[in-house]
Amino acid sequence: MRSFGYERAGSPQGAAQAGAASGAAFIAGGTNLLDLMKLEVETPTRLVDLGRLDPGGVHPTAEGGLRIGAGVSNSALSADPTVRSQYPLLAQALLAGASPQLRNRATTAGNLLQRTRCVYFYDTASACNKRAPGTGCGAMGGVNRMNAVVGTSSACIAAHPSDMAVAMMALDATVETVTANGAGRRIPITGFYRLPGNTPHLDTVLQPGELITAVTLPPPPPGVQGYRKIRDRASYAFALVSVASIVDGSDGQIRQARFACGGIAPRPWRVEAAEAALTGARADGPALDRACDLLLQGAAGHGYNDFKIPMVRRLVTHVVAQAVRPGQEQRNG
Ligand SMILES: Cc1cc2nc3c(=O)[nH]c(=O)nc-3n(C[C@H](O)[C@H](O)[C@H](O)COP(=O)(O)OP(=O)(O)OC[C@H]3O[C@@H](n4cnc5c(N)ncnc54)[C@H](O)[C@@H]3O)c2cc1C
């Protein structure tokens, strides 16, 4: 690991100012950043430690939603009574990630900003446009079982790794930030993550030094919520394919459905047209096939990850059909 400067932030704005300096990086739980520094994948010259800031808590909003502080741990968030009762898919997604020890350290903001698990990103001897722009993409034609099949570019096929972010996408979360000049932004999560295009080194729309202060959720929409994750091991493994879903309907009839997918794209993958195809449709008719076609428009496997395309189709179809099967209890409706 290379040597670096270190300071503890005393206020969000102070953190944003310090974080805007060239070579600076925020550190929250450190469960991703420190690994990347040890491998010299990331080499910040100064760390701005957010550990002394108020984590922010989990509080109801005036609109009937929830405001989650950036520093709230993944464990605390998954155990919050309102999250468990009103946003169960968020609790399920959190508990499907990492391990209890990691979730105790990992924060809401750090989880959103964790970096890809593409093996070529982690291997500094390999070509990787995300880690070292212009060097190429080792995953194309390489060992790409964990990589993305949709939303990719010729420069990068890395998949987004977070389970929690997939749930946040289905829940229409908004990311609140503060910048070095004290201005705040509210960024809908649908516009928070960038697709790789020619600039795969930029994961999000955040500016240098822009600090996440909170994530807000609107009131939960009606319907059965769930997070399903397929992975190589039963625990402590990243998603091959996952689906966060909120499905309103009964007796095989869908009123409305939302679903976001993990493991298949450079960001949590949600396609409005695919959801619209299910509005008012039967779960046993052709609509689910059509919805999956729209979800996966332009999808292409890269060899070892070809299986993800049929796998996500089957998972979405199963999850939606199960949610409206006769006798299924409706929650949050
Ligand atoms: C062995 C292992 C298994 C794992 N398995 C899973 C899994 O199955 N599913 C899953 O989703 N995750 C998994 N993880 C990832 C884990 O969830 C993340 O490491 C964790 O959520 C990151 O949070 P952190 O607070 O530790 O972030 P840090 O490592 O401190 O920071 C991560 C990034 O966020 C930035 N950052 C942090 N806070 C802020 C802020 N307030 N504003 C702006 N930028 C900020 C940092 O600068 C850094 O770039 C696993 C990790 C490990 C080590």
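In what order do the three strands of the open sheet lie, and is the pairing parallel or antiparallel? The order is β1-β3-β2, and the pairing is parallel. The views below come from a predicted model.

**View 1. The open sheet of β1, β3 and β2 in the predicted model.** β1 (5-8) and β2 are the edge strands, each pairing on one side only. Direction ignored, neighbouring strands of this sheet are turned by 25 degrees against each other on average. Four bridges join β2 to strand β3 (residues 46-49) in the parallel sense. Among the residues concerned, A24 has R46 of β3 as its bridge partner.

**View 2. The hairpin of β4 and β5.** Strand β4 (residues 58-60) and strand β5 (residues 66-69) pair in the antiparallel sense, over three bridges. V58 has its bridge partner in β5, namely I68. Five residues lie between the two strands, and G64 in the turn has a positive phi of about 95 degrees.

**View 3. The pairing of β5 with β8.** β5 also pairs with β8, in the antiparallel sense and over four bridges. Here the bridge partner of L66 is L217 in β8.

**View 4. The shell around the ligand.** There are 31 residues around the ligand, of which G29, G97, G110, N111 and L113 come nearest. Two or more residues of the shell are given by each of β2 (24-27), α2 (33-38), α6 (100-105), α7 (108-113) and β8 (211-217). The element that gives the most is α7, with four residues. By class, the shell holds 18 nonpolar, ten polar and three charged residues.

**View 5. The packing of helices α11 and α12.** Helix α11 (residues 287-295) and helix α12 (residues 308-323) pack with their axes 10 Å apart, at an angle of about 135 degrees. The two helices are therefore oblique to each other, and their crossing is right-handed. On the α11 side the contact is made by L288, C292 and L295, and on the α12 side by R313, V316, T317 and V320. Five of the contact residues are nonpolar, one is polar and one is charged.

Note on methods:
Residues are numbered from 1 along each chain as its sequence is written. This is a predicted model: local features need pLDDT of at least 70, side-chain atom pairs count only at pLDDT 80 or more; totals for chains, interfaces and linings use all residues. Axes are lines fitted to C-alpha atoms, for helices over the stretch in contact, and angles run from 0 to 180 degrees between N-to-C directions. Angles under 35 degrees count as roughly parallel, over 145 as roughly antiparallel, 65 to 115 as roughly perpendicular and the rest as oblique. A crossing is left-handed if the near helix is turned anticlockwise from the far one by less than a right angle, and right-handed if clockwise. Two residues are in contact if their C-beta atoms, placed from the backbone, lie within 7 Å. Ala, Val, Leu, Ile, Met, Phe, Trp, Tyr, Cys and Pro count as nonpolar, Asp, Glu, Lys and Arg as charged, and the others, Gly among them, as polar. A residue is near a molecule or strand if its C-beta atom, placed from the backbone, lies within 6 Å of it. Two strands pair if DSSP finds at least two bridges between them.
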